[in-house]
4 protein chains.
Amino acid sequence: MIIVMRRNATESEIEHMIAEVEGAGLKPATLRGTERTVIAAIGDERKAGDLRKLESSPGVDNVMPVLAPYKLASIESQPTRSVIQAGSFAVGGPVVGMIAGPCSVENEEQIVATAKAVKQAGATALRGGAFKPRTSPYSFQGLKEDGLQMLATARDETGLAVVTEVVSPEDVELVSEYAEVLQIGARNMQNYRLLEACGKSHRAVLLKRGPSATIDELLLAAEYILDGGNPSVMLCERGIRTYEGHTRFTLPLASVPYLQSKTHLPVVIDPSHGTGHASLVPAMARAAIAAGADGVIVEVHPEPEHAMSDGYQTLDFPAFAEMMGECQRVAEAVGRKL
Amino acid sequence: MIIVMRRNATESEIEHMIAEVEGAGLKPATLRGTERTVIAAIGDERKAGDLRKLESSPGVDNVMPVLAPYKLASIESQPTRSVIQAGSFAVGGPVVGMIAGPCSVENEEQIVATAKAVKQAGATALRGGAFKPRTSPYSFQGLKEDGLQMLATARDETGLAVVTEVVSPEDVELVSEYAEVLQIGARNMQNYRLLEACGKSHRAVLLKRGPSATIDELLLAAEYILDGGNPSVMLCERGIRTYEGHTRFTLPLASVPYLQSKTHLPVVIDPSHGTGHASLVPAMARAAIAAGADGVIVEVHPEPEHAMSDGYQTLDFPAFAEMMGECQRVAEAVGRKL
Amino acid sequence: MIIVMRRNATESEIEHMIAEVEGAGLKPATLRGTERTVIAAIGDERKAGDLRKLESSPGVDNVMPVLAPYKLASIESQPTRSVIQAGSFAVGGPVVGMIAGPCSVENEEQIVATAKAVKQAGATALRGGAFKPRTSPYSFQGLKEDGLQMLATARDETGLAVVTEVVSPEDVELVSEYAEVLQIGARNMQNYRLLEACGKSHRAVLLKRGPSATIDELLLAAEYILDGGNPSVMLCERGIRTYEGHTRFTLPLASVPYLQSKTHLPVVIDPSHGTGHASLVPAMARAAIAAGADGVIVEVHPEPEHAMSDGYQTLDFPAFAEMMGECQRVAEAVGRKL
Amino acid sequence: MIIVMRRNATESEIEHMIAEVEGAGLKPATLRGTERTVIAAIGDERKAGDLRKLESSPGVDNVMPVLAPYKLASIESQPTRSVIQAGSFAVGGPVVGMIAGPCSVENEEQIVATAKAVKQAGATALRGGAFKPRTSPYSFQGLKEDGLQMLATARDETGLAVVTEVVSPEDVELVSEYAEVLQIGARNMQNYRLLEACGKSHRAVLLKRGPSATIDELLLAAEYILDGGNPSVMLCERGIRTYEGHTRFTLPLASVPYLQSKTHLPVVIDPSHGTGHASLVPAMARAAIAAGADGVIVEVHPEPEHAMSDGYQTLDFPAFAEMMGECQRVAEAVGRKL
């Protein structure tokens with residue numbers, strides 16, 4: 001932690017801050033510059049509580065943390081990349097994981113047909129929502145346990161691992177019976193009770209970045225799960241909210257190399273939510289793989305025009321198959337495969 | 001709903017969209033312009049599902065909703081402004097509600113002393129967190145039920161209504177025993193299970209805007225509570241995430257007059273989270289009242305430098321008392337009082 | 001400047017950075033922490049070029065500046081607040097400067113009528129664009145020198161100082177003949193040739209913040225003008241671009257107290273561009289004054305519905321007069337007057 | 001243009017708007033829905049001035065444009081993709097244009113060495129700034145005409161086309177003598193005088209997107225150049241400003257497919273400014289090509305650590321050569337080459 005004093009800070013204000021640093025269990029080093037005094041607090045600042053509060057102390061200009069606030073998720077705690085195995089599905093190794101399926105499970109015929117089509121095109125996991133968090137109370141809220149059963153049927157028929165969202169701590173056990181991967185949606189990235197419940201699960205977790213979360217906040221959310229005892233966390237970049245209006249969210253693919261420099265956890269990209277328009281999805285799926293993503297999750301539906309949710313960003317079967325061919329070639333160009 | 005076709009849309013694509021609009025229970029009106037064809041879908045589009053999915057249909061350029069997606073929260077459903085009464089505390093009438101207290105309840109002495117000081121300065125409700133959603137799993141997580149009891153003690157000694165956060169549906173009942181107002185934090189604005197549970201409570205709800213939520217999303221979150229049967233919802237603008245780095249969030253005070261033109265629900269401003277720096281709080285509290293806010297919620301602590309959370313944005317007692325004097329004068333200037 | 005080394009930085013990488021800091025004319029202080037090594041560079045880092053380039057050096061994690069990059073604009077170089085006098089118009093003292101007028105000068109009748117109306121309502125300066133930077137090449141581009149002459153006529157008839165935009169360095173002399181205040185628009189905040197030309201002018205300058213400029217960038221743009229020899233700079237916050245779609249820009253009023261803590265230059269707020277909707281302007285003008293703004297600039301037109309530009313955010317005469325009464329009361333509440 | 005009336009709009013307000021639409025030369029079609037009345041204005045709304053001003057008319061809720069505001073840049077005006085030829089350099093055809101070189105030209109040795117190295121690695125154009133717009137007046141401002149001459153020397157020795165920035169209308173002629181491509185920087189995207197001057201040049205133009213410009217604003221800036229008579233415009237996405245702090249800007253690669261669906265002009269990506277960190281550049285260059293970019297522009301310097309500007313985002317020669325090999329493979333995977 002670096003504490004920058006105001007230019008006109010008094011000696012007693014400086015002394016006071018030195019005492020505060022010591023009181024927090026850290027070792028102060030005081031640098032009296034030509035322009036102002038800087039106090040460095042040496043030691044593990046993460047154990048010392050939130051020292052930014054010292055910004056409200058007299059004579060302090062600002063307080064700058066030096067260490068990343070997460071530990072278990074950090075590449076410094078584990079320099080080799082994690083490979084997450086979930087049933088037949090693996091993410092983090094040489095094979096790029098391709099997860100595909102509808103936004104919502106609507107009926108058995110729809111989910112089984114989609115599972116077969118995406119498996120045929122090369123996908124390695126099936127997505128599909130049974131519990132749907134919806135912006136409007138008047139929107140379709142999902143088939144719940146019936147939907148989970150349909151997903152299980154689709155898995156039985158194709159061998160694809162199932163990725164599905166869990167929206168509440170009390171549902172974690174139920175969803176874990178049916179799915180290989182528990183998805184935590186963007187709206188729930190900071191639902192700490194849910195993170196804690198997933199931390200106690202034996203299932204892998206796909207944790208989506210909140211649309212205004214920083215990378216540090218995403219890694220701290222992952223830290224909740226890791227700290228709970230579950231090491232199988234995949235991070236998912238699905239776009240952030242910016243002033244751009246022509247896409248639903250802005251998909252910052254630089255998250256891929258940046259995350260890979262900070263954490264050992266695998267990184268999955270969601271170009272469907274990340275763009276909000278089916279026509280933009282294939283280009284961004286290719287780009288994600290070229291950037292080094294460990295996985296891609298894409299919305300696919302037999303008939304996007306009549307999907308019960310997210311139709312505008314959903315590929316039909318032929319578009320998905322074409323995209324998979326392109327992605328295969330890009331994966332090979334960067335030394336991986338699908 | 002307005003469907004704008006591409007310039008080169010074919011006649012059969014246009015016919016197809018007309019059929020889709022009819023299939024959704026709406027009445028199509030087709031306008032063949034000099035540049036392109038536009039199809040207006042007449043009727044209550046909110047009953048017709050999410051028609052934006054038609055954007056993925058062939059020949060369609062874009063789809064623009066005409067109606068706001070919320071109903072009960074809309075000023076069109078109730079043209080007179082709602083006044084929310086919660087114990088001795090009222091928001092939405094001529095008196096601007098002033099809610100003050102620490103980020104976290106730390107011990108009985110702290111919360112009682114703060115309650116007395118803010119009451120003395122003119123506050124009408126006491127805030128204080130017992131259940132704390134924290135970004136890091138290593139941060140202080142709150143005193144839970146013990147904290148609620150301390151809040152109740154502070155209420156008994158001062159008569160102030162208690163506003164405290166609830167972070168999980170299963171805690172709604174417990175928190176309702178101790179608090180007059182259930183606060184839903186920004187991170188939980190789209191925790192729909194929690195919204196539904198608050199919708200069934202008899203307690204008033206203070207619903208904070210998520211840091212990347214649109215105003216429509218905030219009003220749809222309120223709609224979940226209203227639709228559940230609880231009419232007592234106060235909206236709280238607490239700042240949005242933007243590229244500005246010198247404040248923790250960006251506090252868009254234009255939300256006050258904008259919300260008041262769209263909804264009958266009262267609007268409360270949080271200048272503490274909205275700025276993240278104690279030195280900026282009083283100016284923004286005054287500005288909020290000048291803009292017409294129905295309430296202000298501010299963090300106050302006996303000793304911000306040693307607060308267990310949010311110290312950098314917390315006022316001490318003298319600073320709060322001074323701010324209250326300023327706010328009183330501004331309130332009178334706009335025809336209200338504290 | 002604080003240089004944070006990576007955890008696994010080698011001794012020779014640390015030695016290399018120490019040498020780089022010395023090479024830049026600064027004095028290194030090396031802090032070997034339990035977690036990583038930090039090198040503080042003591043001295044005036046602003047003279048040392050952009051040291052962030054050291055981030056590309058081996059073993060470096062990140063580089064954090066300690067000093068603000070601007071000097072003349074800094075409150076540290078001048079602790080008393082600047083009062084800018086421009087003809088009959090002053091900004092920065094106890095009187096809040098109210099600047100009003102149309103987006104574009106359209107004809108003499110329009111500008112003279114507006115000048116009379118806003119003067120009558122209490123405005124102290126007249127705005128009006130003669131050179132119009134327009135997003136589209138097909139939009140009205142302004143009356144140019146004819147417009148300047150009309151503004152001068154309006155000044156002669158009312159005594160109001162004239163504030164008008166200059167869009168190109170070669171026009172600075174011409175505009176200076178007609179106007180008391182040269183306005184630099186948001187799109188030109190980083191047009192350095194224009195800033196330099198205004199730095200050589202004897203006229204006061206109203207410098208608008210670019211819609212994605214940081215506060216540091218705004219103050220550095222002001223620094224260009226101050227460094228050129230012109231001390232009469234007013235800063236104007238007119239809103240930033242964020243994801244908010246219901247307002248044209250997001251008006252962050254916390255800029256007022258924040259700027260006042262960092263610079264001695266006066267701060268003017270533009271609620272017209274800051275909201276983009278006439279109905280939101282009065283509330284934000286009141287809020288700006290309550291927050292401590294030194295001036296407010298507002299678009300007013302005899303008939304906004306038929307204005308040649310910006311009609312949607314422009315007040316008519318009765319609305320402006322009503323707003324002025326409200327602002328007067330708020331100004332008095334915060335110890336100022338209009 | 002679609003005008004949505006308020007729910008309680010009166011008949012005379014509706015009649016008034018119909019008259020306004022007719023007065024603007026458009027044909028009104030009035031749709032009386034169950035919820036509210038909508039008036040569609042049929043015809044080329046771009047000829048009718050900025051009709052958003054009607055939002056300030058009584059009874060109007062909002063006004064939604066239907067047509068894109070640009071014409072010449074639109075894919076509707078030219079359905080085949082433009083190929084821009086500038087000396088030996090072409091962008092928009094099957095070969096992805098690779099532009100590389102230092103942020104600033106510092107001396108002849110530096111620029112010639114860089115030109116040889118990037119040519120050797122496969123680049124097809126040389127970038128280098130002689131006129132430097134700098135955020136701080138205290139930063140290096142470029143070698144000006146001396147720098148242009150050094151660029152010409154580097155071209156003579158390598159055959160690479162020269163891309164260099166022009167910051168002022170009066171420099172367009174001078175820069176055109178030395179460079180094949182005039183670069184308009186992000187800060188100048190809305191410097192309309194400069195756009196007009198480039199519109200009269202015979203040189204190709206690389207137009208960078210402003211960091212808070214919308215895609216429509218970028219295309220309208222291009223429209224200024226096209227409308228001036230110069231058809232050779234390349235668009236450059238270089239990142240937008242968002243709340244992300246770990247990258248200098250956020251690089252939204254979805255701009256590539258989106259722009260290609262709206263305009264015939266080629267699209268170049270700048271991963272150096274788009275990320276601000278050398279370590280993130282190669283991944284984003286690969287991703288840009290996978291997304292379908294027509295060109296990539298990258299900062300390269302013999303010794304980034306000692307560059308006079310932008311060192312933190314600049315590759316050295318070995319890193320650039322390695323990146324080019326990767327990009328070559330990705331280009332082939334998407335059916336193109338370097």
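Here is a short chat about one chain and then the contacts between chains.

Reader: Before we start, what kind of model is this?
Author: It is a predicted model.

Reader: Thanks! How many helices and strands does chain A have?
Author: Chain A has 10 helices and 14 strands.

Reader: And what box do the C-alpha atoms of chain A fill?
Author: Taken along the principal axes, the box is roughly 75 × 40 × 40 Å.

Reader: What percentage of the residues in chain A are buried?
Author: Of the 338 residues in chain A, 63% are buried.

Reader: What about contacts inside chain A, how many link residues 24 or more positions apart?
Author: Such pairs account for 65% of the contacts in chain A, counting contacts with a separation of 6 or more.

Reader: New topic: chains B and C. How many residues does each bring to their contact?
Author: Chain B gives 35 residues and chain C gives 35 residues.

Reader: Which helices of chain B supply at least two residues each?
Author: On the side of chain B that touches chain C, those are α7 (255–262), α9 (281–291) and α10 (317–333).

Reader: Nice. What classes of residue are on that side of chain B?
Author: The side of chain B that touches chain C holds 20 nonpolar, 11 polar and four charged residues.

Reader: What rotation puts chain B onto chain C?
Author: A rotation of 180°, with 0.0 Å of shift along its axis, superposes chain B on chain C with an RMSD of 0.0 Å. That is why the two chains are related by a two-fold axis.

Reader: Which C-alpha in chain B is nearest the axis?
Author: That of Ala287(B), 2.0 Å from the axis.

Reader: What percentage of the contact residues of chain B recur in chain C?
Author: The figure is 100%, so the same surface serves both copies.

Reader: Okay, over to chains D and A. How many residues does that contact take?
Author: It takes 35 residues from chain D and 35 residues from chain A. On the side of chain D that touches chain A, α7 (255–262), α9 (281–291) and α10 (317–333) of chain D each supply at least two residues.

Reader: Which helix gives the largest share on that side of chain D?
Author: That is α9(D), with seven residues. By class, the side of chain D that touches chain A divides into 20 nonpolar, 11 polar and four charged residues.

Reader: Great, thanks for the tour!
Author: You're welcome!

Note on methods. Residues numbered from 1 in each chain as written. Chains lettered and ligands numbered in written order. Predicted model: local features only at pLDDT ≥ 70, side-chain atom pairs only at ≥ 80, totals over all residues. Contact = placed C-beta atoms within 7 Å. Helix = DSSP H or I, 4+ residues; strand = E, 2+ residues; numbered from the N terminus. Nonpolar A, V, L, I, M, F, W, Y, C, P; charged D, E, K, R; others polar. Least-squares fit on C-alpha atoms with pLDDT ≥ 70 in both. Buried ≥ 20, exposed ≤ 12 C-beta atoms within 10 Å, placed from the backbone.
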